[in-house]
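Here is a briefing on one structure. Topics follow in short groups.

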Amino acid sequence: MLPILRVNNLNKSYILESGEKIRALEDISFDIYPNEILGIIGRSGGGKTTLLRILHGSETFNGGKIQIDNLCITPDASEEDRVRLGEMTSIHLQRSFALWDSTVLDNVIRRLYALETGCETFSAPYEKNSDERLEKIAMDMLKVVMLEDKAEHPVRTLSGGEKQRVVLARQLVTAGSRKILLLDEPLTMSDIVTRERLLEWMRNMRDQVSIIITSHQPQTLIGTADRVIQLERKIVVEGGDEVIDNFVSQMEACLPLKPPGDRSIMEVKNLTKGYEFAGLGGDEFFSTPFELKEVNFELHEGEILAVVGLSGTGKTVLLNLLSGYEEMDEGEITYIIEGERLSIKDDRSKIAGNVGFIPQEMGIPYDANIKDLAYNKLGIMGERAVVFAKKKAKMLGLDEKIITSLLFELEDKKILEQLKASGLSKDEARKLFLIPPWEARELIDPIFQLLNLPEEILQRRSYELSVGETIRVAIGIELLVKPKILLFDEPFGDLDVVTLRSICNVLKLINDELGISMIIVSHHLYFIREVAHRAIQLYDGEIIYEGDPKGVVLQS
C-alpha cells in the first residue's frame with residue numbers, strides 16, 4: 001500500500017530574540033497510510049505542535065520535504081502550494097479558542113458553510129432552518145462531542161473544556177473533505193467520559209480519513225493509534241504500545257505528600273451563584289439556568305484540595321468566586337490569615353495579596369519578557385512603580401524630579417548608581433521602592449531554582465518557552481508575593497505524564513517548604529490522586545462527593 005503522506009528529513013529551527021538558534025525538529029522522516037491513525041507522544045516542547053503546523057502549511061521549515069498525493073512541499077514552496085496543503089488537511093491546535101461570538105450550533109454550521117463557499121461569513125443573514133442539511137450535520141457532530149444540549153448556548157457561557165469541544169467539532173466536520181486530520185492534544189481539557197466518546201468516533205472514522213493525533217496522555221493513544229512515534233525534536237523510536245511504555249518509564253520518582261494541618265485557612269458556606277444563558281430555539285428566545293448550589297467546604301493550612309467533575313459542572317465558576325473575580329449571589333467565603341477572619345465581600349483588598357490564581361490560559365502575554373513579568377508582579381516596574389516612588393520621595397522630602405520613567409529602564413544596579421549620583425544615600429534610595437530593583441534577584445532566584453527554572457529564563461520571552469516551562473514560570477511569578485493560598489484552574493492539561501510528574505513533585509515541594517495551601521481543578525484522576533490530600537467532586541453545580549481522592553469516579 002502506498003503512503004498518503006511522506007515526510008522526508010524535515011528540519012525546523014527558530015532564532016530567539018537573543019540570537020540563539022534553537023533546533024525544533026531534526027531530520028524527521030515518516031509515512032502515514034490510508035485509513036491509519038498515527039499517534040505522536042513526547043515531552044512538552046518536543047516539537048509535536050510545530051510538526052503539525054508544518055504539515056498543515058501554516059508554519060515554514062528549513063529543510064526536507066513533504067509529499068501528499070501529487071503535491072510536494074519544500075522550504076521554498078509557493079504560497080499557493082502551502083494553501084493547497086492546508087486544504088488537504090484540517091488542524092486542531094491545543095488550547096485554541098478562536099470561535100465566533102455566537103451559539104455553539106452556529107459555530108459548527110459556519111465551518112460547514114466555509115467548506116462550500118470558502119468563507120465562514122454568511123453572505124446574507126443566516127436564518128435557522130434555511131439549510132436543514134447543514135444543521136443536521138452540525139447537530140450530529142455536537143452529539144459526538146456531547147454538546148447537543150448546549151447547541152443554542154452562546155459560546156462565551158461555556159467552560160474551557162466545552163469550548164475546546166466546539167473547536168474540535170468544527171474540525172471534525174471537515175473529515176470527509178480532507179486527506180488527513182491533524183489533532184494536536186484535542187482532549188487535554190476533556191473529562192474521561194467525553195474522551196472515551198471522542199476516541200470511539202476517531203476509531204470509527206478511520207475508513208474515511210487518516211488521522212495524526214499528538215497526545216501527552218498514554219490512555220489517549222493506547223487502543224486508538226495503529227502506530228506510535230516518540231518525538232523529542234528527533235524521532236526517538238517508532239512502533240506500537242511499547243513506545244508508550246518506553247516514554248512513561250522516564251518519569252521521576254513520586255515524592256511523598258506532607259500531612260496538612262488541622263486549622264482552617266478558608267471556609268465556604270452555602271455558596272450560591274446563578275446564571276441565565278439566553279438562546280434562540282425555533283422562533284422563540286429561551287433561557288437555561290445554571291446554578292452553583294449551596295456549596296460548603298473548608299481548606300486547611302498546608303492542604304492540597306482537588307476539585308474534580310465533568311466539563312461544565314461549575315469548577316471554574318467556583319474558583320472565580322474564591323478568587324474574587326466574580327461575585328456570589330448568596331453565601332460566605334471567609335479567609336483566616338494570621339488569625340484574622342477576612343470576608344471576600346468586605347476585605348477583598350486584604351485577601352488579594354494572599355491568594356494567587358493561575359487560570360486555564362495562565363494569563364501570560366504571548367511576547368512578554370519573563371523578567372518584566374516578575375518585576376511587574378513585585379511592583380518595581382511600570383507606571384505603578386514610578387507613581388509609588390514619586391510619592392515616597394515627596395514624603396521623605398526628596399526632589400521628585402529624580403524619579404522618571406527612564407530611571408526604571410536602567411539595569412538594576414545602575415538604578416542605584418543613578419540615585420546615588422543624584423545625592424541619595426543607599427538607605428534613602430531603598431525607601432523609594434516596595435522592593436529595591438537591585439535586590440529583586442535575591443527574591444526571584446531562590447523561587448525559580450525551587451521550580452527547576454534556569455537563571456537565563458528571565459531573559460527569554462514567553463513564546464520561547466515550552467508549555468512545561470510556561471506553567472512553572474506562572475507558578476513562580478505568583479509565589480513572588482508570598483501567597484498563603486494558590487488556586488489552579490486546570491493549567492496542567494497540556495503536560496505530558498513525565499513533565500506532569502515533575503510538576504506534581506514541584507507542587508509538593510512548594511506545599512512542604514513554603515507551607516502554601518492549594519486548590520487544584522483537574523480532569524486527570526491519576527494526577528489528583530497523587531498530589532491532593534482530599535477531593536471534592538462537583539456535578540450540576542453541587543458537591544456530590546468529598547473525601548479521599550481515590551474515591552472519585554467520573555461518569556455521565
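Rings of Phe, Tyr and Trp (its six-membered ring) pair if their centres lie within 6.5 Å; planes under 30 degrees apart count as stacked, over 60 as edge-to-face and the rest as tilted. The structure holds 3 such aromatic pairs. This is a predicted model: local features need pLDDT of at least 70, side-chain atom pairs count only at pLDDT 80 or more, and totals for chains, interfaces and linings use all residues. Residues are numbered from 1 along each chain as its sequence is written, and side-chain values use heavy atoms, with hydrogens and water left out.

**Domains**

- The chain is divided into domain 1 (5-249), domain 2 (264-354 + 483-547) and domain 3 (373-437); these bounds come from an automatic or database domain assignment.
- The centres of domain 1 and domain 3, taken over C-alpha atoms, are 49 Å apart.

- A pair of aromatic rings is described by the distance of the centres and the angle of the planes.
- F408 and F433 are edge-to-face, because their ring centres are 5.8 Å apart and their planes stand at 70°.
- This pair links distant parts of the chain, 25 residues apart: F408 is in the loop between α12 (383-395) and α13 (412-421), and F433 in the loop between α14 (426-430) and α15 (440-450). Helices (H or I, at least four residues) and strands (E, at least two) are DSSP runs, numbered from the N terminus.
- F408 has 12% relative accessibility, so it counts as buried. Buried means under 20% relative accessible area, exposed over 50%, partly exposed in between (1.4 Å probe, protein chains only).
- F433 is also buried, with a relative accessible area of 7%.
- F433 forms an edge-to-face pair with W438 as well, at 5.6 Å centre to centre and 85° between the planes.
- W438 is buried, as is F433.

**Charges over rings**

- A charge sits over a ring if NZ of Lys or CZ of Arg is within 6 Å of the ring centre and within 35 degrees of the ring normal.
- K12 lies over the face of Y14, 4.8 Å from the ring centre.
- R110 places its charged end over the ring of W100, 4.1 Å from the centre.

- Strand β7 (residues 180-184) runs parallel to β6, joined by 4 bridges; two strands pair if DSSP finds at least two bridges between them.
- H92 stands opposite L183 in β7.
- T214 belongs to strand β8 (residues 210-214) and is buried at 0% relative accessibility.
- The side chains of T214 and D184 make a polar contact of 2.7 Å. A polar contact is a pair of N or O atoms within 3.5 Å; within protein, one must be able to donate a hydrogen and the other to accept it, and residues adjacent in sequence count only if both atoms are side-chain atoms.
- Not counting residues up to four places away in sequence, T214 touches I40, K48, L52, L183, D184, E185 and P186. Contact means heavy atoms within 4.5 Å.

**Positive phi**

- N9, in strand β1 (residues 5-15), has a positive phi of about 50° although it is not a glycine.
- N9 is partly exposed, at 38% relative accessibility.
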